[in-house]
Amino acid sequence: FLVMIAGFVLRRIHMVDDSFVKTLNSFNYKVTLPALLVVDIAEADFYVVWDTKFVLFCFLVTLCCILTISLVSYFFIKDKLIKGEFIQASYRGSAAVLGVAFMQNIYGTSAIAPLMILATVPLYNVAAVVILSVTSPESGGFDKGSLKKSLKGIAANPIIWGIFIGMILSVARIEMPLVINKTLHNFSVLATPLALIGLGAGFEGKKVLAKMKPTIAGTLIKLFAMPAVFLPLAATMGFRNEKMVAILIMLGAP
C-alpha cells in the first residue's frame, strides 16, 4: 500500500504523467506479469499445485456473484448510465495485478494465483461484454461482435499465455536454460512494484467522489457481503492458507 501511495504522490507532483502510467501498465501487463507467472508456475510442482475443486469453486462463486449483483442492480440502481459499470465494479477484482502482488508479498510466490486467474479472468471478460451490451442505454441488445472480440482478447491475453507456458514447463518438468531463467527472473521482480506504482498513479479521487453512493455500495459488496457469504463456505470445503487468500482476492476484498 505504501508503494501505491508513492505512485499516487508521484502523479500528484507531476513526476509521472498519464502517458507514463499508460505505458507502465501496458508494459506490466504484457511483459513483467507474464514473466512472473511463467517463473512461479514453472518452478512449482504442477501435480502438487493443481486443484480441480479449487478452480471449479472460483469459477462457480464468480458466476454466482455476477448473477446476484446483476439482479440486485436491476432493483436498486435506477441510473441506467452507470448500471453496467456498477455491476462490474461490484464483482470484478484486480486478480492479475493486485492479486499477484498480494500473493507475492504474503507468501513469496504466486503459484496458487494462476489457478484463480484461469477460473475468473475469462469469465470476467465475457460477463463484461454481456452486461454492458444488455445494460447500456444506447445498446440495441446483445452484441455478438463485442463478444467475439472479447473471446479473441482472452485467447491473446499475455497473462493467460504466461500461465499456460508455465504449466507446460511444470507438467513436462522442463528446466529452462540458465540465461533464459535469469532473464525471466529479472523481469519478474519488476512485476509487483510496477503494478502497485501504476495502480496508485492511476487513482482518480475526483471520479470516485462524483459517484459516492454507488461507489460505497459496490465497496460494501466487495469488502463485506461477498466475503461474508463465500469465505465460510470456502473454509467448510477445506481451503486454507494460500487458497483462502486467493479466494479473498477473487472476491475483490483487497
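**Cysteines**

I looked up C58 in this predicted model and asked how far its sulfur lies from the closest cysteine sulfur. The partner is C65, at 11 Å, which is too far for a bond. I then turned to C65 and found that the nearest cysteine sulfur, that of C64, is 5.8 Å away, and that C65 is in no disulfide. I note that a disulfide requires sulfur atoms within 2.5 Å. My search of the whole structure returned zero disulfides. I also checked accessibility: C58 is buried, at 0% relative accessibility, and C65 is likewise buried, at 6%.

**Helix α10**

I next examined α10, which runs over residues 178–201. Where does α10 bend? I located a bend of about 35° at A191, with a proline, P193, following within four residues. A191 itself is among the buried residues of this helix, which also include N181, L184, S188 and T192. Further along α10, I recorded L194, A195, L196, G198, G200 and A201 as buried too. I looked for what covers these buried residues and found that the cover includes α1 (2–12), α2 (18–42) and α6 (95–107).

**Salt bridges**

How many salt bridges does the model contain? I counted three.

I began with D18, which pairs with R11; their closest N and O atoms are 2.9 Å apart. I found D18 exposed, with a relative accessible area of 54%, whereas R11 is buried, at 14%.

I then inspected R173 and D45, whose closest N and O atoms are 3.9 Å apart in a salt bridge. R173 sits in the loop between α9 (158–171) and α10, and D45 in the loop between α2 and α3 (46–49), so this pair ties together parts 128 residues apart in sequence. I recorded R173 as exposed, with a relative accessible area of 55%, and D45 as partly exposed, at 31%.

My last entry concerns D51 and K243, which form a salt bridge with closest N and O atoms 2.6 Å apart. D51 lies in the loop between α3 and α4 (52–76) and K243 in helix α13 (residues 242–250), so the pair links parts that are 192 residues apart in sequence. Is D51 buried or exposed? I noted a relative accessibility of 16%, so D51 counts as buried.

How values were computed: Residues numbered from 1 in each chain as written. Predicted model: local features only at pLDDT ≥ 70, side-chain atom pairs only at ≥ 80, totals over all residues. Heavy atoms only, no water. Buried < 20%, exposed > 50% of the residue type's maximum accessible area, 1.4 Å probe, protein only. Helix = DSSP H or I, 4+ residues; strand = E, 2+ residues; numbered from the N terminus. Expected span 1.5 Å × (residues − 1). Bend = angle between axes of the 7 residues up to and from the residue. Contact = heavy atoms within 4.5 Å. Salt bridge = Lys/Arg side-chain N within 4 Å of Asp/Glu carboxyl O.
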